Structure formats: C-alpha cells, structure tokens
Amino acid sequence: MTAVESRPAGHVRRTVGEREQSPGHRPIGARVMGFVALTKPRIIELLLITTVPVMFLAEQGVPDLWLVLATCVGGYLSAGGANALNMYIDRDIDALMDRTSQRPLVTGMVSPREGLVFGLSLAVISTVWFGVLVNWLSAALSLAALLFYVVVYTMILKRRTAQNIVWGGIAGCMPVFIGWSAVTNSVSWAAVVLFLVIFFWTPPHYWPLSMKVKDDYARAGVPMLPVIAGNTAVARQIVLYSWVMVAVSLTLWPLGYVGWFYPLVAVVAGGWWLKEAHGLQARAKAGVTGAKLKEMRLFHWSITYVSLLFVAIAVDPFLR
C-alpha cells in the first residue's frame, strides 16, 4: 500500500553523504519527526483500514476494544519497522528521485545507522508485543509480513523485475490475516478471500502512480512496469487486475460470510473502479499523455475504494 510523497521537479539532487548533517545541526523536534517519517504513517493508515474491519467480521460484531487497540499498535510498530528498513536499504535510490528526496535518511536528519537500529528495534518489539498481548499466530504473521517486505520485495524484487509490486504486494495483504487471527487465533476462507482482494488491488492501485512518476524510477534504475512498458500495455494490465479484484471481492457473499450490505457496496464501488480503469485504458489507447492522461484519478479512487469496501465489511455484521 502506498501514499504519494512528491517534491517539486528539477530540484538539485545530491548524494546521501553530501546531505548528511552533523548531530549538532539536527534539532530534537525535527529528529523526532524524522523517526516518525521513517515509519511512513500515511501508508500505515491504509494497513489499519484493512485490519480493524476484518476483526469486526471475524467477531460478527464488536471485538474486544483492548484487543483492537493492541492489534493496531502492534501493526503500526511492525509496519513502521518494515518501512524504516526499506528506507535504510533504498536510501541510495531515494536520493535520486524527486518524490523521495526529502526522506530523513537522504537529508541526514536521521543517520543510516540510526535508521537501521530503529527499524530492527521496531521489528523485535512488534513481534514480542503481538505474541504477549494478542497471540503468537498474529506475531508470526506480522513478522512474516515484515520479512517479506524487507527481504523479498525491497532486497530481491524491487530492482530486478517489473513484477516487483505484484509479488511484493503480498506483504500489504498480511494485515487481513493478522486482523482475523487476532480475534480467532486462526485463519479462515474469508480472510483468504480478502487477502486476494488486496493482492489484486495492489498493482492497479500502484501502477497509475508509477505512470505519473516513471521518470523518477527510470532515473533510479528501478524497473517498475511503466518504465519498461508503454501506457497502453500498463493500462491493459490495470484493467485485467481490476476485473479479477472485483470478481474476487464478490465471492464473500456466496461463501456465506456476509449479508446484503457488503455485496451492494462491492458492486457499486467496484463498478465505479472499472469505469475509471477502462477510462484510463481508453485514454492510453488514444495516445493521450501528460496531465490529460489523468492516471492519478484511478490512484486516488483506489484508496477510496478499499476504504469503502472494508468499512462495509465492518458494518455488514450489524445488518444481517
């Protein structure tokens, strides 16, 4: 899951070492905000949106609020640790891209060593937190998500293949399993379905943003799909994944996990998504480029879509 972090184009780019600040020139307040920025709070908001509603579905009502709080805190710590380690590993390419050039490890507000220790500490603390205050299945799932994001996505896939976001997105699907297991200490078919919804949601969510900033990725040598394929080919993939995502989202109803409200929201929101996806494909086929391509319309709608879908998941048990 992603959030836009943009900087004005054309600013002067320097290496990480050139930007590093001495401890005496790093105000404590700015440093605290730097550590917070390492956790990527805006991205974690989306992860929690897919965690808490699943707990309501698993409970078929209101789950224990202390459990919800403990799961959210543990989820923030775990995802924050993964994000900090991601920034530590990617600090070289972050310095080359406009939208990431002000990240704290690039500017020197936080040193690489501090970022590494911070990320590893959050990984350990979050795992213990989940194990002691939630359950050890949730702890294992949380740690698996962190390791997958850091090792499989960041270290292996991101710089090597255009399928990086497809398979790397698995880490962003794990909060669904964590939310369900926090309540039931197990994993069900309902959680598998919602896992797959997020799996098929991630590429058409992220590729429009990648289309917008493909020059950034090209400059950094990251083979995101829009860097190596034309807009028409990317839009075709977006439409394909979008149809599969909407179809998978509707399977919760025949499986008997939801009543009438969730499928109603899924059909309406999914229909609008498909309208936007096909609109993007039509503009790409027509050779539209630049601002008129309007690729960010789908990116912004994708965030609204997943929010509506998971709110419906939380509300549905009360309307059955």
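**Ground rules.** I number residues from 1 along each chain as its sequence is written. The model is predicted, so I keep local features at pLDDT of at least 70 and side-chain atom pairs at pLDDT 80 or more, while totals for chains, interfaces and linings use all residues, and side-chain values use heavy atoms, with hydrogens and water left out.

**Entry 1: salt bridges.** I looked up how many salt bridges the structure holds, and the count is seven. The criterion is a side-chain nitrogen of Lys or Arg within 4 Å of a carboxyl oxygen of Asp or Glu.

I took Arg31 and Glu114 to begin with. Their side chains meet in a salt bridge at 3.0 Å, N to O. The pair links distant parts of the chain, 83 residues apart: Arg31 sits in helix H2 (residues 28-38) and Glu114 in helix H7 (residues 112-133). Helices here are DSSP runs (H or I, at least four residues; strands are E, at least two), numbered from the N terminus. I then checked accessibility. Buried means under 20% relative accessible area, exposed over 50%, and partly exposed in between, with a 1.4 Å probe and protein chains only. Arg31 is buried at 17%, and Glu114 is partly exposed at 23%.

Entry 2: I moved on to Asp90. Asp90 forms a salt bridge with Lys158, with the closest N and O atoms 2.7 Å apart. Asp90 lies in the loop between helix H4 (65-89) and helix H5 (91-94), and Lys158 in the loop between helix H8 (136-157) and helix H9 (164-168), 68 residues apart. Asp90 is buried, with a relative accessible area of 0%. Lys158 is buried as well, at 8%.

Next I looked up Arg159. Its salt bridge is with Asp92, and the closest N and O atoms are 2.9 Å apart. Arg159 is in the loop between H8 and H9, Asp92 in helix H5, and 67 residues separate them. Arg159 is partly exposed at 31%, and Asp92 is partly exposed at 41%. Salt bridges that share partners join Asp90, Asp92, Lys158 and Arg159 into one network.

**Entry 3: Val222.** Is Val222 buried or exposed? I found it buried, with a relative accessible area of 1%. Val222 is in the loop between helix H12 (214-220) and helix H13 (225-228). Leaving aside neighbours within four places in sequence, I list its contacts (heavy atoms within 4.5 Å) as Ile93, Lys158, Asn164, Tyr217 and Val227.

**Entry 4: helix packing.** I used axes fitted to C-alpha atoms over the stretch in contact, with angles from 0 to 180 degrees between N-to-C directions. H4 and H7 pack at about 155°, with their axes 8 Å apart. That makes H4 roughly antiparallel to H7; the classes are roughly parallel under 35 degrees, roughly antiparallel over 145, roughly perpendicular from 65 to 115, and oblique for the rest.

I then turned to H15 (residues 261-285) and H16 (residues 295-315). They pack at about 170°, with axes 9 Å apart. H15 and H16 are therefore roughly antiparallel. The contact includes Trp272 and Trp273 of H15 and Trp301 and Tyr305 of H16.
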